[in-house]
Amino acid sequence: MGERAAAGGGKWVDVAPERLPRWLENFATRHGPYREEGLTLIAADGATAAWQTPPGAGPAETMAELIRLAQEPRRLGLLLARKGAVAVGVVAGTELVASKVDTHYVQGRTAAGGWSQQRFARRRDNQAKAAAADGAGIVGRILLPEVRAMAALVTGGDRNAVDAVLASPQMKPLLAIRAERFLDVPEPRHAVLVSAIAGARAVSVLVREP
């Protein structure tokens with residue numbers, strides 16, 4: 001799945017739960033036999049792979065536990081937001097079982113100066129607030145009724161937009177299960193929401209090679 005550079009060297013790799021056994025085989029082929037220290041693999045050539053449990057999977061102390069937990073079906077909430085677009089969904093296992101996507105016009109930035117710039121800024125701020133309020137309404141209808149059954153809430157898009165949607169006091173139950181993972185996604189649409197399921201379920205591993 002996706003790869004991204006890691007601070008301090010190495011790279012983060014997202015692995016689908018179903019591909020974990022094959023990934024471990026390939027790691028051994030590339031780097032030689034490895035030993036396990038908790039969720040960290042240390043290969044014969046000095047390469048390491050440090051694993052994190054996916055959102056909602058619970059703690060694991062060994063790779064066998066990690067694989068088992070990652071592959072168990074979980075119910076997750078998804079909230080993706082950017083500017084005036086929001087996509088909300090409930091995922092059961094690998095399936096999107098409930099969803100809603102909405103767009104709300106938010107004016108882009110303007111290069112105008114003086115009073116004109118201030119007027120545009122106020123208008124844009126009001127539009128952004130209205131978009132966040134609409135997004136919160138959707139979250140309230142789709143996610144809040146499911147919160148007790150969800151293992152985690154995974155968010156993505158633009159952090160400010162997501163935080164604005166979750167800012168009201170009624171969102172506290174969702175904040176309590178919000179995962180640290182934040183998905184880098186384009187403007188939320190239904191297809192983007194569906195593709196985000198893989199990112200929400202993936203197991204992240206920090207790989208450092210000698």
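Author: Contact means heavy atoms within 4.5 Å. By that cut-off, L20, P21 and L24 in α1 meet M63, I67, A70 and Q71 in α2. The residues of this contact divide into six nonpolar, one polar and no charged. The model is a predicted one.

Reader: What describes two packed helices?

Author: An angle between the axes and a distance between the axes describe them. For α1 (residues 20-31) and α2 (residues 63-71), the axes come within 10 Å and cross at roughly 145°.

Reader: Which residues of α2 are called buried, and why?

Author: They are M63, L66, I67, L69 and A70. Buried means under 20% relative accessible area, so each of these five falls under that cut-off.

Reader: What do the buried residues of α2 pack against?

Author: Their partners are α1, β3 (34-37), β4 (40-43), β5 (48-52), α6 and β11 (203-208). Packing here is contact, so each partner has heavy atoms within 4.5 Å of those residues.

Reader: Two of those partners are β3 and β4. What makes β3 and β4 a pair?

Author: Pairing needs at least two bridges. β3 and β4 have four, in the antiparallel sense, and therefore count as paired.

Reader: Why do β6 and β9 count as paired, and in which sense?

Author: The threshold is at least two bridges, and β6 (residues 75-82) and β9 (residues 152-157) have six, so they pair. The sense is parallel. L78 stands opposite V154 in β9, and L76 stands opposite A152 in β9.

Reader: How many residues of β9 are buried, and on which faces?

Author: Six of its six residues are buried. On one side sit A152, V154 and G156. On the other sit L153, T155 and G157. Both faces are covered.

Reader: Why is K100 called partly exposed?

Author: The relative accessible area of K100 is 37%. Buried would need under 20%, and exposed would need over 50%. The value falls in between, so K100 is partly exposed.

Reader: Where is K100 found, and what does K100 touch?

Author: K100 is in strand β8. Not counting residues up to four places away in sequence, K100 touches V86, A87, V88, I138 and I142. K100 and A87 are 13 residues apart in sequence, and 5.9 Å separates them C-alpha to C-alpha.

Reader: How much space lies in the largest pocket?

Author: About 600 Å³. Its lining has 27 residues, and the closest to the centre are R4, R181, F182, L183 and S204. The elements giving two or more residues to the lining are β2 (11-15), β10 and α6.

Reader: Which element gives the most to that lining?

Author: β10, with five residues.

Reader: How do the lining residues divide by type?

Author: There are 13 nonpolar, eight polar and six charged.

Reader: What share of the chain's contacts with a separation of 6 or more joins residues 24 or more positions apart?

Author: The share is 59%.

Key:
Residues numbered from 1 in each chain as written. Predicted model: local features only at pLDDT ≥ 70, side-chain atom pairs only at ≥ 80, totals over all residues. Heavy atoms only, no water. Buried < 20%, exposed > 50% of the residue type's maximum accessible area, 1.4 Å probe, protein only. 1 Å grid on protein atoms, 1.4 Å probe; cavity = no way out; pocket = protein on both sides within 12 Å on 5 of 7 lines; lining within 4 Å. Points joined across faces, edges and corners; volume = space filled by probe spheres on them. Nonpolar A, V, L, I, M, F, W, Y, C, P; charged D, E, K, R; others polar. Axes fitted to C-alpha atoms, helices over the stretch in contact; angles between N-to-C directions.
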